Every structure is written in structure tokens, then in C-alpha cells.
There are 2 protein chains.
Amino acid sequence: MTDILQTERTTVRRLAKRGAYDRDTIHRILDEALICHVGFVVDGAPVVIPTIHTRVGDTLYFHGSAASRMLRTLRNGVDACVTVTLLDGLVLARSAFHHSMNYRSAVIIGKAREVLEVEEKLRVFDALVEHVAPGRSKDARPPNDREVRQTLVLALPIEEASAKIRTGGPIDDDEDYAMKIWAGVLPLRLVPQSPLPDERMSAGVEIPRYVVEYRRG
Amino acid sequence: MTDILQTERTTVRRLAKRGAYDRDTIHRILDEALICHVGFVVDGAPVVIPTIHTRVGDTLYFHGSAASRMLRTLRNGVDACVTVTLLDGLVLARSAFHHSMNYRSAVIIGKAREVLEVEEKLRVFDALVEHVAPGRSKDARPPNDREVRQTLVLALPIEEASAKIRTGGPIDDDEDYAMKIWAGVLPLRLVPQSPLPDERMSAGVEIPRYVVEYRRG
């Protein structure tokens with residue numbers, strides 16, 4: 001299997017030097033992002049739905065209720081486009097025109113298949129919990145048979161994809177650099193706040209380290 | 001104009017009680033989100049691209065180079081689906097199955113028009129800068145004629161839309177509450193880090209208050 005996921009359809013055309021196509025870069029973006037946006041077509045019109053995903057090897061998984069329109073549409077093997085975006089900062093240039101953002105995004109194109117095997121489903125459930133909160137899957141009560149049956153899991157091969165990345169400071173027009181305007185980057189991070197324990201928690205349960213020390217990226 | 005934006009196509013079907021359709025709720029989500037994901041159809045297949053947006057009244061605007069495939073496709077008045085998602089926290093339940101996230105998302109469906117009038121374009125450029133960093137538009141050098149011409153601006157009426165919102169703690173199965181497992185919410189926020197001034201800044205430029213005190217939501 002190749003490690004370069006560029007195809008005609010995934011080639012970044014606007015600001016092409018921001019494009020990246022290697023598997024490692026794309027995997028890292030998928031792994032850091034908590035959610036993805038899944039695009040599909042219904043009656044000729046686009047639909048974009050946010051959902052949790054996880055990656056296992058070269059496969060991207062997402063899941064939900066068997067009643068979900070998104071999952072019922074995609075399990076028929078129609079075209080899907082999954083996009084994840086990480087915001088890294090605001091880029092404040094001297095000119096309004098050159099304002100920008102620092103970001104890392106990835107786009108995966110392909111057709112999903114439904115995961116039918118229980119073993120694979122269980123691996124995906126573990127991976128989903130680990131994706132959101134690494135360390136959590138060994139604490140949480142695992143899915144029972146009914147929960148496994150009720151949950152639809154889809155697998156999308158990560159074979160045709162691209163990343164697009166902007167880093168660094170503002171790039172202004174030469175004649176604007178002398179202007180007396182503050183310019184620079186305001187970095188942004190998704191930061192955990194104080195945990196809110198459930199009111200119905202059993203007495204004497206300690207807060208796990210993966211909650212106290214949670215960080216993303 | 002109605003203040004309820006629910007239609008057959010925007011009705012939330014999964015977990016319907018999380019759906020909201022009033023204009024105020026949808027506007028607030030659009031205004032807090034720094035980026036949106038724009039879905040459209042190319043040769044029958046879905047494409048989902050992240051971009052900056054802004055709202056002026058009942059219209060959602062996005063912009064970019066006149067060379068952008070997304071903008072060139074959408075200016076032809078084809079169907080678009082714009083989705084924004086704000087992550088508010090991780091919901092850690094006792095069972096893996098009931099893990100969730102707190103979030104606020106909005107979906108707008110419609111056909112965009114290209115903004116041709118220069119006056120409207122200039123208002124949108126101001127609004128875009130203000131959307132990202134309120135207060136910034138009075139400092140930044142405004143767009144010149146060339147920049148206005150080079151930039152394609154699209155307008156999408158916010159008429160057919162929905163929001164979907166989850167708040168609160170985990171909801172476990174009755175028999176799981178007695179388990180000795182930590183459960184609760186880990187709130188997440190997009191938080192600014194220390195500003196990074198541009199190396200080529202003119203001497204004596206003070207850092208603006210809207211950068212030092214930046215916050216989202």
C-alpha cells in the first residue's frame with residue numbers, strides 16, 4: 001500500500017504548496033481532531049453532518065444509531081467525503097485582505113462499508129472511546145450484545161486523501177509592512193476546563209488521571 | 001420573515017429533542033464558530049471544505065479567491081449545505097455506549113448567490129474581519145480595488161436551517177449507576193494562547209486590547 005494518498009480528486013489546487021499527501025500527516029490530523037464532518041448526497045443535494053470518528057490503521061470508522069440517516073445512506077457504499085479541521089490560530093495581517101488562520105485539515109474521499117463482524121465492532125468501540133479520552137476504555141463498562149446490535153459502524157478506507165496546512169505569521173504586501181498596525185498570530189488551543197463530576201456518582205470514586213491531565217494535540 | 005427555520009429537510013430526526021429551529025439560536029452558533037464546513041456536489045460526489053464565514057442579518061457569507069473550485073461551483077446557484085459545530089465538552093458515562101459529547105451545531109441548506117455590488121462586498125470584508133477578531137476592522141488596512149475584484153463573495157440566505165444541541169451530564173442505564181466508575185463532563189474551550197507578534201512589526205506598535213482580551217463565546 002502506498003503512503004502517498006494523492007489522486008486527481010484530492011489534489012489541493014488553491015494554495016497548492018499548503019497541500020500534503022503522506023499518510024503520517026493525514027493520520028495525525030485525524031487522530032487529534034475530536035470530530036469530523038461527513039458529507040454525502042441525498043436526492044442530489046449535499047448533506048454535512050458532524051460526528052465522532054476514530055482511526056484504526058488505515059481505516060477511518062464512525063458509528064451511530066441504526067436509525068441514523070447518515071449511516072443508512074452511507075452503508076450502501078455511496079460516495080462520502082470526510083473532512084476534519086484543527087484550528088491553530090488567528091493570523092492578523094496589516095491588511096484586511098491578508099488576514100488568515102493557521103489550521104490543519106484533512107479530506108478523505110471514498111465509499112464506506114458497514115462493519116458486520118462483532119469482533120471488529122468491539123475493536124471499533126474501544127478505539128472510539130480511546131480516541132476521545134485515551135485510557136478510558138479500560139474503565140468504562142463495555143458494550144453488551146444489545147448495544148452492539150443497535151449500533152451501526154461504518155468503515156472508510158483511508159486511501160484517497162489530502163491534508164492542507166497553514167502555519168506561520170502573516171504575509172503582507174511589501175508596501176504595508178511600514179504601517180503602524182499590530183500584526184502577528186494569536187494561537188488557539190482546545191483546552192479542558194474543570195471536570196464536572198456526575199451528581200449520581202458512587203461514593204469514593206477517584207477522578208482518573210486521564211481526566212485530570214487531559215490534553216489534545 | 002419567519003423566525004422558525006424548520007423545513008422537512010432540516011428536521012432533526014435522530015434524538016429529535018436536541019433539535020432547535022429558532023433564528024436566534026442558529027445565529028448565536030454561527031457567530032461563535034470561527035469556521036464552517038461547506039458541502040456541495042461535484043460530478044455527483046460530495047465535497048466538504050472548511051472555510052471562514054460571517055453573518056450579516058439573515059445572510060451567511062463566505063469568500064475566497066476567484067480561482068476557488070468551491071466558490072466557482074456554488075456561485076452557479078447549486079445546492080449547498082453549510083454546517084458549523086462547537087464542541088463544549090466530553091461526556092464520560094459509566095458505559096462505553098453512553099459516552100457522548102456536548103456540542104452545538106447548526107446546518108443551513110440553500111443556494112448561494114454571488115455578491116457583485118462593491119458596497120455589499122466591502123461590508124462583508126469588514127464583517128469577516130470583525131467575525132474573527134471583533135475590533136480589528138478599524139485597525140486593518142481596508143481592501144483596495146484590486147483585492148475587491150480578486151475576491152469572490154457568496155451569500156447564502158439563512159432561511160432553511162436547524163440547530164442540534166446537547167448539554168448536561170451523562171445519562172446511564174439505571175443498573176449502571178452503582179458501578180464504581182468516574183462519570184461526568186470534561187468541558188472544553190477554544191482558548192487563546194500568548195500572542196506571537198510578527199518579526200517585521202514597526203517599532204512602537206502596541207498590542208491591541210482585542211488581542212490581549214480575546215475570547216470566544
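1. The contact between the two chains draws 80 residues from chain A and 80 residues from chain B, where two residues are in contact if their C-beta atoms, placed from the backbone, lie within 7 Å. This is a predicted model, in which local features need pLDDT of at least 70 and side-chain atom pairs count only at pLDDT 80 or more, whereas totals for chains, interfaces and linings use all residues. Residues are numbered from 1 along each chain as its sequence is written, and chains are lettered from A in the order in which they are written.

2. On the side of chain A that touches chain B, the elements that each supply at least two residues include strand S3 (45-56), strand S5 (79-92), helix H3 (118-132) and strand S10 (184-192); helices (H or I, at least four residues) and strands (E, at least two) are DSSP runs, numbered from the N terminus. S10(A) gives the most to this side, with nine residues.

3. Strand S10(A) is also joined to strand S11 (residues 196-197) of chain B by two bridges, and these strands run antiparallel; two strands pair if DSSP finds at least two bridges between them. Within S11(B), Pro197(B) is the bridge partner of Gly184(A).

4. The same surface serves both copies, since 100% of the contact residues of chain A recur in chain B.
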